[in-house]
Amino acid sequence: MTSSFAFGQQEPKPYGVLPSQRQLKWHEMEMYCLIHFGANTYLDHEWGYGDEDPKLINPTQFNAKQIVGAAKAGGFKGVIIVAKHHDGLCLWPTKTTSHNISQSNWKGGKGDIMKEYEIACNALGMKLGVYCSPWDRNNPYYGKLEYLQIYRAQLKELYSNYGPLFASWHDGANGGSGYYGGARESRSIDRTTYYDWDSTWAITRRMQPGAYIFGDVGPDARWVGNEFGHAGETCWATYTPHAPDEGREPANGYVKSEEATEGTRNGKYWMPAECDVPLRPGWFYHASQNPQVKTPSELLDLYYESVGRGADLDLGLSPNKKGLLDEADIVSLKEFGNLVRKTFAVNLASGAKLKASNIRGNNVARFGPQFLLDNDRYSYWATDDNITKPELTLALTSKKTFNVIRLRENIKLGQRIDSVAVDAMLNGDWKEIARATSIGANRLIRLPYNIITNTVRLRITGSPVCIALSDFGLYREPLHLKAPLITRDKSGILRFQSVNKGLTIRYTLNGTDPVITSKLYTNAISLPDGGTVKARSFNNKNLAGDIATQVFGASKKGWRIIKTPEGTHADSVIDENENSNWNTLAAALPFPQEVAIDMGKPQLIKAFTYLPRQDHQVEGIIDEYSFYISDNGTNWKIAREGVFSNMEANPVQQLVILDKPVKARYFKFVARHTNHGDGVNVAELGIITK
């Protein structure tokens with residue numbers, strides 16, 4: 001007799017494609033970190049060209065245990081190390097190329113960053129994974145057959161020397177301009193065939209069978225389609241990837257990534273979403289982004305929008321030039337971890353009396369609702385095959401106050417439930433308090449206010465088959481005050497707004513953290529010359545909230561556009577409104593395209609800023625640029641030119657720092673190239689003077 005009949009009733013038939021044991025372990029991890037460090041750290045870049053000198057790398061205080069320990073304090077279960085980024089510089093002493101850590105001055109060329117992370121993970125009980133970029137802008141053989149053997153040899157070294165690994169991460173960025181051994185040219189590949197992914201990933205399966213493989217097409221976890229850190233409100237673990245061009249096969253870096261945010265109901269593969277997002281605006285360390293570390297509350301929002309939607313959260317950490325995480329990063333991680341732990345420490349539904357409208361075969365011992373409260377992801381309440389919309393009532397042990405609901409399915413039997421609703425007994429009547437879709441491995445419903453009740457009802461409102469629900473929880477997220485909103489208009493007038501009601505706001509204009517004795521915000525403030533602004537909310541018990549930080553450039557009051565194509569709304573780049581854009585996409589103009597600005601008076605410019613469109617569309621986002629300056633608006637001198645990297649996936653404001661400050665009344669921004677669209681779409685341009 002099989003186990004499924006041991007209690008006199010067969011378990012439900014699995015629905016759709018199912019997760020592997022490897023994927024089940026991945027779901028259980030929920031959170032891990034992706035660590036970027038390399039030549040880019042020292043050059044203030046996001047993507048290297050491939051000609052960077054390894055001697056740049058000298059993290060004199062490198063401490064893998066500090067970095068991994070900070071991730072652990074945040075509740076993360078593992079770290080994935082970027083062993084090689086697109087610049088091709090390997091952070092381990094590889095035999096495949098001389099472009100590696102042994103050519104650096106760090107530890108006299110005897111260091112091995114991967115090994116130090118492995119030792120730290122073993123000491124701290126954390127899991128280790130590797131990222132090895134398929135694209136290599138240094139290697140002279142990239143784009144040729146010889147490179148594939150080099151890339152596979154690099155994977156084999158990593159798999160052999162630093163295991164066991166929980167992850168093998170394969171970026172979709174492939175092909176383009178690069179150093180390529182001195183050729184300094186652009187090379188393209190056929191992304192569907194060049195890497196022969198089936199054979200390449202077979203190496204992973206053979207050498208690291210426990211490692212999940214990440215890519216745009218999985219095969220174990222898919223990219224969610226954005227670097228904002230959130231999955232779709234509806235997010236299916238199943239997915240059918242499609243190529244951008246009809247009739248072609250999808251591949252890593254060649255997929256309709258916008259479809260990955262929600263996935264595919266009844267998709268061809270179990271390929272759940274991974275939400276990758278950096279703790280700072282960029283993936284690599286930039287000192288200019290020190291004020292922009294995500295707050296604990298912002299990280300908690302991302303947790304609900306990723307883990308709370310059945311995905312995993314992959315948070316980017318960026319050690320500085322010394323080889324350490326900055327203190328602000330460590331503090332934010334720790335406080336975020338504390339928030340998560342405090343929220344889910346106690347299931348307020350524990351001990352409740354459960355009454356189900358149906359139990360499979362009336363077999364309470366095998367399929368009863370008591371399994372919803374046993375903290376086991378794979379024991380479950382099931383219904384008869386013909387019962388797809390059951391209800392469950394929970395009589396709590398007393399009146400409870402909660403603001404988070406957690407649901408989980410036994411995904412060993414597939415993702416079955418389409419939708420649910422939750423009611424609470426309030427003032428003698430049932431009141432619907434929540435709805436949700438796509439339950440899967442984990443669904444967190446964050447309520448906008450506290451619910452106080454002693455009776456709760458769960459209604460399954462949509463499911464194609466009988467249910468197999470493994471978890472129901474009620475939790476209370478502790479009080480924490482989100483950072484205030486900071487805005488400034490074109491005239492340089494600064495305003496603060498508290499996210500929560502009934503709070504006071506304290507602020508500073510000198511870059512120091514606000515405390516209870518800092519200046520009280522009562523009226524708008526003039527800040528024409530810019531600077532670092534910090535603000536913090538306090539309640540009537542002096543509980544301090546998260547700190548908001550904004551770095552403002554010079555006010556745009558009196559600025560005017562002096563040169564740009566007609567009808568493209570170029571004045572939008574100086575209106576301090578990120579939702580209005582200079583847009584030439586419909587004008588069918590040749591590149592380069594430019595806009596010139598008269599600032600009304602000479603300014604000492606330390607840096608320029610460029611904010612791409614903020615509507616999650618990619619057309620018109622610029623990747624090659626020039627900034628010019630002028631004293632008279634006629635004769636122009638180049639101030640800085642270069643490239644913006646990874647902008648379509650991570651369209652954050654770019655800070656173009658000059659080698660030395662320059663004085664000018666006019667500046668001109670020239671867009672030389674975009675990856676998508678026949679024009680540009682720019683939200684804001686500005687300057688930094690302080």
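User: Is His569 buried or exposed?
Analyst: His569 is exposed, with a relative accessible area of 54%. The cut-off for exposed is over 50%. Keep in mind that this is a predicted model.

User: Where is His569 found?
Analyst: In the loop between β27 (560-563) and β28 (582-583).

User: What about the phi of His569?
Analyst: The phi of His569 is positive, about 60°, although the residue is not a glycine. Most residues other than glycine have a negative phi.

User: And what is the phi of Asn542?
Analyst: Near 65°, again a positive value in a residue other than glycine. Asn542 lies in the loop between β25 (531-538) and β26 (544-552).

User: What does Thr549 touch?
Analyst: Pro291, Ile486, Thr532, Val533 and Lys534. That leaves out residues up to four places away in sequence.

User: Switching to helices. Which residues of α3 are buried?
Analyst: In α3, residues 64-73, the buried ones are Ala64, Ile67, Val68, Ala70 and Ala71.

User: Why do they line one face of the helix?
Analyst: Seen down the axis of α3, the buried residues fall within an arc of 155°, so they line one face.

User: What covers them?
Analyst: The cover includes strands β1 (31-35), β2 (78-84) and β12 (312-317). Helices α4 (113-124) and α8 (327-343) are also part of it.

User: What happens at the start of α3?
Analyst: A side-chain oxygen of Asn63 reaches to within 3.0 Å of the backbone nitrogen of Lys65.

User: And what follows α3?
Analyst: Gly75, with a positive phi near 90°.

User: Now cis peptides. Which bond is cis around Pro164?
Analyst: The one joining Gly163 and Pro164, with omega about -5°. Pro164 sits in the loop between α5 (145-161) and β4 (167-169).

User: And around Pro219, what is omega?
Analyst: Near 10°, for the cis bond from Gly218 to Pro219. Pro219 lies in the loop between β7 (212-215) and β8. For context, most peptide bonds are trans.

User: Which side chain makes a polar contact with that of Thr234?
Analyst: That of Thr437, at 2.6 Å.

User: What else is Thr234 in contact with?
Analyst: Besides Thr437, there are Thr261, Glu262, Ser438 and Arg443. Neighbours within four places in sequence are left aside.

User: How many residues line it, and which lie nearest its centre?
Analyst: The second largest pocket is lined by 25 residues. Nearest its centre are Val217, Pro241, Glu249, Pro250 and Tyr269.

User: Which elements give two or more residues to that lining?
Analyst: α6 (197-207) and β10 (269-270). Of the elements, α6 gives the most, with three residues.

User: What is the lining of the second largest pocket like by class?
Analyst: It has 11 nonpolar, six polar and eight charged residues.

Notes:
Residues are numbered from 1 along each chain as its sequence is written. This is a predicted model: local features need pLDDT of at least 70, side-chain atom pairs count only at pLDDT 80 or more; totals for chains, interfaces and linings use all residues. Side-chain values use heavy atoms; hydrogens and water are left out. A polar contact is a pair of N or O atoms within 3.5 Å; within protein, one must be able to donate a hydrogen and the other to accept it, and residues adjacent in sequence count only if both atoms are side-chain atoms. Contact means heavy atoms within 4.5 Å. Buried means under 20% relative accessible area, exposed over 50%, partly exposed in between (1.4 Å probe, protein chains only). Helices (H or I, at least four residues) and strands (E, at least two) are DSSP runs, numbered from the N terminus. The arc is that of the directions from the helix axis to the C-beta atoms. On a 1 Å grid over the protein atoms alone, a cavity is a set of points where a 1.4 Å probe fits but cannot get out, and a pocket is an open set with protein on both sides within 12 Å along at least five of seven lines; lining residues have an atom within 4 Å of a point. Ala, Val, Leu, Ile, Met, Phe, Trp, Tyr, Cys and Pro count as nonpolar, Asp, Glu, Lys and Arg as charged, and the others, Gly among them, as polar.
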